[in-house]
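Please take a moment to look over the sequence and the 3D structure before reading on. The paragraphs below go from the surface to the fold, and then to the place where two chains meet.

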2 protein chains.
Amino acid sequence: METTTAEGRTILPARTGHAARVAAGQRISVIDLDGGQVGDLFAFAADDPGEHLSAGHTRAATSRLFPAAGQDFVTDRRRPILTLLSDTSPGRHDMLIPACDPARYAGLGADPGHPSCAGNLHAGLAALGLTAPVTPQPVNVFMRIPVEGDELRWLPAVSRPGDAITFRALMDCVVVLSACPQDLVGINGGQPTRLAIDLLPAD
Amino acid sequence: METTTAEGRTILPARTGHAARVAAGQRISVIDLDGGQVGDLFAFAADDPGEHLSAGHTRAATSRLFPAAGQDFVTDRRRPILTLLSDTSPGRHDMLIPACDPARYAGLGADPGHPSCAGNLHAGLAALGLTAPVTPQPVNVFMRIPVEGDELRWLPAVSRPGDAITFRALMDCVVVLSACPQDLVGINGGQPTRLAIDLLPAD
């Protein structure tokens, strides 16, 4: 199970999620402990989980397909919720693909009960006493979905052990991270592994 | 106001929307009567407006950024809802940008009350006695958002008068079309105009 240290680090075992309340100004780092692991990152307004970070509205705000250092992520009400401070990974991060869910795994022929990022999201929110009306399209950190012409490719993540992407919260929010359990499509190299999330004070 | 002919054509005045129930097998054509006009097309499962055509889940299903003839569009539960039969327009159709809404127009400095595709969506559903819990990201027919490297560009639609894109419903559904009222960004060439929607029997 997940463990949280005094320094604010929570280690997510492979295939699990974690939700945390974050105050405006705090920093959030997602660390790929073992390398090659995708994380689905969701964020909701603290006072209303009906408002969420939206990949689509962020694309409209930035006119970019992929996140870049210095950019803001906005909600479905077009309010800034996170900003991207820094990134040590060599790859891009995806904002095109929705969270894996039971319907996705059913389509891939997996057994019912296969863990999913959508399941991890809602379980994480429930652990905080919250519910969200939808499964928003997440920011998929370390996920490598290059676009070639009109085509998307699904490639294994190239993040290295210890690579980290760091955000700052721009409003009080709830952040949920899922260590993606996808083992039937190659995005995690066929072997889902751990992630860590650090919640750091405002600097 | 909108008018519907005996042949199943409804003409949407500039900046307005229209919602209609469509049976599985029926065909739906969106016609750009005057040229250069974007339409935001939404579709919901007839028996549950909580299930909707999802641009993100469709990208995951097709591994493509833009619609192509012969492809299916799927819902947020990954069920096929529409298929793309034919397209006479020279351009692409967008699946990256969310519907314009009051927050978008506020950010652009418009007066409160500027019409929006989100507003047209919910008004159209209300006219059928329906409500949807969210504003799904639509299929933006005739909308020209090319991707160059990592960057999106917002260009005027190049559809010609009479150009049509035709879908078939794969389940009983509710389809909503909005003649996009955007006049502050150049996607409609600065001058929103009419659209038509034809509901045709199964062939």
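This is a predicted model: local features need pLDDT of at least 70, side-chain atom pairs count only at pLDDT 80 or more; totals for chains, interfaces and linings use all residues.

**From the surface to the interface**

Chain A exposes about 7500 Å², and carbon and sulfur atoms supply 53% of that area.

How many helices and strands does chain A have? Its secondary structure comes to three helices and 14 strands. The radius of gyration of chain A is 15 Å, close to the 17 Å that the globule rule gives for 203 residues, and therefore the chain is as compact as a globular protein of that length. Taken along the principal axes, the box that the C-alpha atoms of chain A fill is roughly 40 × 40 × 35 Å. Among the contacts in chain A with a separation of 6 or more, 76% are between residues 24 or more positions apart.

Finally, turn to the neighbouring chain, where 28 residues of chain A are in contact with 28 residues of chain B. The two chains, A and B, bury about 2300 Å² between them, with 50% of it on carbon and sulfur atoms. On the chain A side, Ser63(A), Arg78(A) and Asp150(A) lose the most area to chain B, and together they make up 26% of what that side buries.

Key:
Residues are numbered from 1 along each chain as its sequence is written. Chains are lettered from A and ligands numbered from 1 in the order in which they are written. Side-chain values use heavy atoms; hydrogens and water are left out. Helices (H or I, at least four residues) and strands (E, at least two) are DSSP runs, numbered from the N terminus. The radius of gyration is taken over C-alpha atoms; the globule rule is 2.2 Å times the number of residues to the power 0.38. Contact means heavy atoms within 4.5 Å. Accessible areas come from the Shrake-Rupley method with a 1.4 Å probe; for residues, only the protein chains shown count as cover. Buried area is the accessible area (1.4 Å probe) that two parts lose on being put together, summed over both.
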